[in-house]
Amino acid sequence: MDIAVLIKQVPVSNNVSVDPETHALIRASAEGMINPADLNAIEEAMVLKEQTGGKVVVFTMGPPDAEKALREAMAHGCDESCLITDRAVAGGDTIATAKVLAEAIKKYGKFDLILSGALSADGATGQVGAMVAECLGIPHVAEIQSIQYDEAVPDKIDAVKKVYGERFHVRCALPAVLSVNFGSNVPRLATLRSTRAAKNKPLATYTNADLKLPADQVGIPGSPTAVIDSFEPTGGRMAEMLEGTPEELAVKLKNMIDEEKGKL
Amino acid sequence: MEKKKIGIIGGGISGTCLGYHLSLYDNAEVIVFEKDTIGGASTAKSAGTVCLFDDSLKNRYWDVRLYGFESYLKMEAEEKGSAGFDKTGTLVVATNEQVEATIKTGIALAKAAGYSGEYITDKDRIKEILPDISTDNILGAGYTADDGYFDGTMISNTYAKKMQKNGGVIKTGVKVTEVVVKDNKVTGLKTSEGEEYEFDYVVDCTGPWSKFTGEMVGVDVPIWHTKAEAFFLCPPGKKLNYTFPVLKYPEFYGLRAGDNIFICKSHLSMDLNNPMHAGQWDPDKLPATGGTDDYFIDFLLDQLEVKVPGIVDSGLVSSWLSYRAEPKDFLPILGETPVEGYILATGYGGNGVIEAPAASRDLAKLIMRGESTPLLEDWAFKRLLG
Ligand SMILES: Cc1cc2nc3c(=O)[nH]c(=O)nc-3n(C[C@H](O)[C@H](O)[C@H](O)COP(=O)(O)OP(=O)(O)OC[C@H]3O[C@@H](n4cnc5c(N)ncnc54)[C@H](O)[C@@H]3O)c2cc1C
Ligand SMILES: Cc1cc2nc3c(=O)[nH]c(=O)nc-3n(C[C@H](O)[C@H](O)[C@H](O)COP(=O)(O)OP(=O)(O)OC[C@H]3O[C@@H](n4cnc5c(N)ncnc54)[C@H](O)[C@@H]3O)c2cc1C
């Protein structure tokens, strides 16, 4: 089974402030990491690849330094990668982002399955996966916990969802897009060896010259979303400093926990 | 007795340890200024190893090593956890005769001070202590069960607490923005809060920031940053079934961190002329985690494959980068500068946890009594001038 995984590079730091003029997010730290839910998507892909063979290709749309996230994904086991980077596609909202990703997937090749994270840690709309499916005209299952594939039914897949503590199996035709929940599995770690090997795995770079999407469909011109307001959370630091001997502190802590439990 | 007012810039292990040692004198009035949190910078990223013998600090500075080690043991005995001691023991591997000789002298010194220590050439015995090691191409290894590593952040906070008990003052979240100098003599400093303080002495304990701090008084502090890149490895079986000791090679060292293993390139293997290793950067731009270079992966893989093959296929859990502040000879810079009353306690490089107690003890004596010591003579600023 050939699988595409969509990953987003998100800032490591939570210190994100808001530009009062444009309402855009200002990232304090240049350091990026793979969106946590996307690591769960990669893990699902790796497990399926072990079961069925084929290859896993990881896609991201982002600035040139998002290559780091792709290399890391390949250190986690993905075979190939594709970076879509172009000023023309920057600043896009979810729909503009999804159009670009869908076009890149089509251009790259044929895939049996496309996985995304359920939610990004920064934008957090949870829309991109579904929109990519819409652009490709294929089914989508949101917020899944795991995937079951039966070789006897090769053109279908079971997406397992958890609803009110119950597990639901949603069977859908392939190809499809599935959005994987954060924490649904334990992603394998990269090793020194796999990190070194990832440096030499294939990385394709696309610009909009390759995708040929009309300029008014991508980037800021292609984004119908208007962010009308955004603000930093208020409330400030709520930490309460406890004082006393270790024994006294333990008693105080226990009382505080009991008190909180009472409120539930 | 006339009071002496001392302002300390920086609340890492250097500043808090010096603050504590000064607070032992009745006539010292000490304020420590820390722009962030106590022990939250280089000190927090430290491995915190204080071993009875290894090559990190020459055997001629045995007193420094022993005073550091015993200060922390005492701290830990007073209140468990206050120095974060993890008594894992240390295995120092002899890869050549020179290292072997250093280890043997170190063991003799440790034993004379009442600690255990043995030089082992029986390779099975070495493998008993560290099953994942390769004993090919080694001469032997020094081992003691008595030491291990400490937690620099815990130590800094304990020193801060002890200093406060003795009347010292800590100001966290306060940055020193100006050091006031009149007629080439320090008179005080100004802070980000817009306050001005009068001091007889101002001590720079800002480690990697010292270049910038020195500029405030026109002193060129000759330190470089060497990259301290550390990785946390999750062993292939997820959990080790033995106590991973502090493991020292001339090129790198390792220690246990919970169920993981912390690995760092040794600071003496850093080359100040190699731009991959050393330079002068802005420590405020260091990310909390990550930021390590690719070359380090290659380095570590090559090292572990040969030396500790049992853990080479560990998972990479996380990594971080920090800057060690070092002058050209990799020794600290302590004491007076060309500006009267402006004192340095910086340049601790890769040994700040080991060295801070002895250095602070002597520096406090210099500041409070005007008495120098052989250690201060050795590590004086003037050795680096001209
Ligand atoms: C109020 C607001 C302000 C914003 N400001 C900014 C800003 O200043 N700068 C900025 O860069 N973005 C900003 N964004 C987010 C921007 O719209 C998103 O980068 C993009 O549209 C993806 O949306 P999302 O982060 O909500 O992803 P979600 O829909 O939550 O992500 C779900 C999954 O889709 C996939 N995915 C998402 N984005 C990508 C991608 N780029 N490449 C590959 N896969 C992807 C991943 O698998 C991810 O787990 C903002 C969003 C909002 C709501
Ligand atoms: C990965 C690594 C491993 C190490 N391993 C060991 C080891 O095993 N054993 C050992 O002995 N040593 C080790 N070291 C070295 C040791 O950690 C350092 O030498 C020591 O922590 C330096 O302490 P410091 O107080 O000088 O600097 P820091 O801890 O960096 O403290 C300087 C402080 O000054 C503050 N500051 C700067 N400018 C201002 C200003 N203008 N106003 C107010 N505050 C200011 C900063 O916020 C900071 O908190 C290691 C270091 C690293 C990075």
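Visitor: In which loop of chain A is Pro175(A) found?
Guide: Helices (H or I, at least four residues) and strands (E, at least two) are DSSP runs numbered from the N terminus. The peptide bond from Leu174(A) to Pro175(A) is cis, with omega near -5°. Pro175(A) itself is found in the loop between strand E12 (166-173) and strand E13 (176-180) of chain A.

Visitor: What kind of model is this, and at which pLDDT do side-chain atom pairs count?
Guide: Residues are numbered from 1 along each chain as its sequence is written, chains are lettered from A and ligands numbered from 1 in the order in which they are written, and side-chain values use heavy atoms, with hydrogens and water left out. The model is predicted: totals for chains, interfaces and linings use all residues, local features need pLDDT of at least 70, and side-chain atom pairs count only at pLDDT 80 or more.

Visitor: What is the value of phi in Glu143(A)?
Guide: Glu143(A) is placed in strand E9 (residues 140-144) of chain A. Its phi is positive, in a residue other than glycine, and lies near 50°.

Visitor: How are H3(A) and H4(A) oriented to each other?
Guide: Helix H3 (residues 94-108) and helix H4 (residues 128-136) of chain A cross at roughly 55°, and their axes come within 8 Å; axes are lines fitted to C-alpha atoms, for helices over the stretch in contact, and angles run from 0 to 180 degrees between N-to-C directions. Angles under 35 degrees count as roughly parallel, over 145 as roughly antiparallel, 65 to 115 as roughly perpendicular and the rest as oblique. H3(A) and H4(A) are therefore oblique.

Visitor: How are H3(B) and H9(B) oriented?
Guide: In chain B, the axes of helix H3 (residues 62-78) and helix H9 (residues 352-369) come within 7 Å, with a crossing angle of roughly 100°. That angle makes the two helices roughly perpendicular.

Visitor: Which residues of H6(B) make the contact with H1(B)?
Guide: Helix H1 (residues 13-23) and helix H6 (residues 152-165) of chain B pack at about 30° with axes 8 Å apart, and are therefore roughly parallel. Contact means heavy atoms within 4.5 Å. H1(B) contributes Ile13(B), Thr16(B), Cys17(B), Gly19(B), Tyr20(B), His21(B) and Ser23(B), and H6(B) contributes Gly152(B), Ile155(B), Ser156(B), Tyr159(B), Ala160(B), Lys162(B) and Met163(B).

Visitor: Which three residues supply 49% of the area that chain A buries against chain B?
Guide: Eleven residues of chain A are in contact with 20 residues of chain B. The buried area (accessible area, 1.4 Å probe, that two parts lose on being put together, summed over both) is about 1400 Å², and carbon and sulfur atoms give 58% of it. The 49% share, more than any other three residues supply, comes from Leu192(A), Arg193(A) and Arg196(A).

Visitor: Which residue of chain B forms a salt bridge with Arg196(A)?
Guide: A salt bridge is a side-chain nitrogen of Lys or Arg within 4 Å of a carboxyl oxygen of Asp or Glu. Across the interface of chain A and chain B there are five. In one pair, with the closest N and O atoms 3.3 Å apart, the partner of Arg196(A) is Asp298(B).

Visitor: How many residues apart in sequence are the parts that Lys49(A) and Asp79(A) tie together?
Guide: Over all chains the structure holds 34 salt bridges. The side chains of Lys49(A) and Asp79(A) meet in a salt bridge at 2.9 Å, N to O. Lys49(A) lies in helix H1 (residues 36-52) of chain A and Asp79(A) in the loop between helix H2 (67-75) and strand E7 (80-84), so the separation in sequence of the parts tied together is 30 residues.
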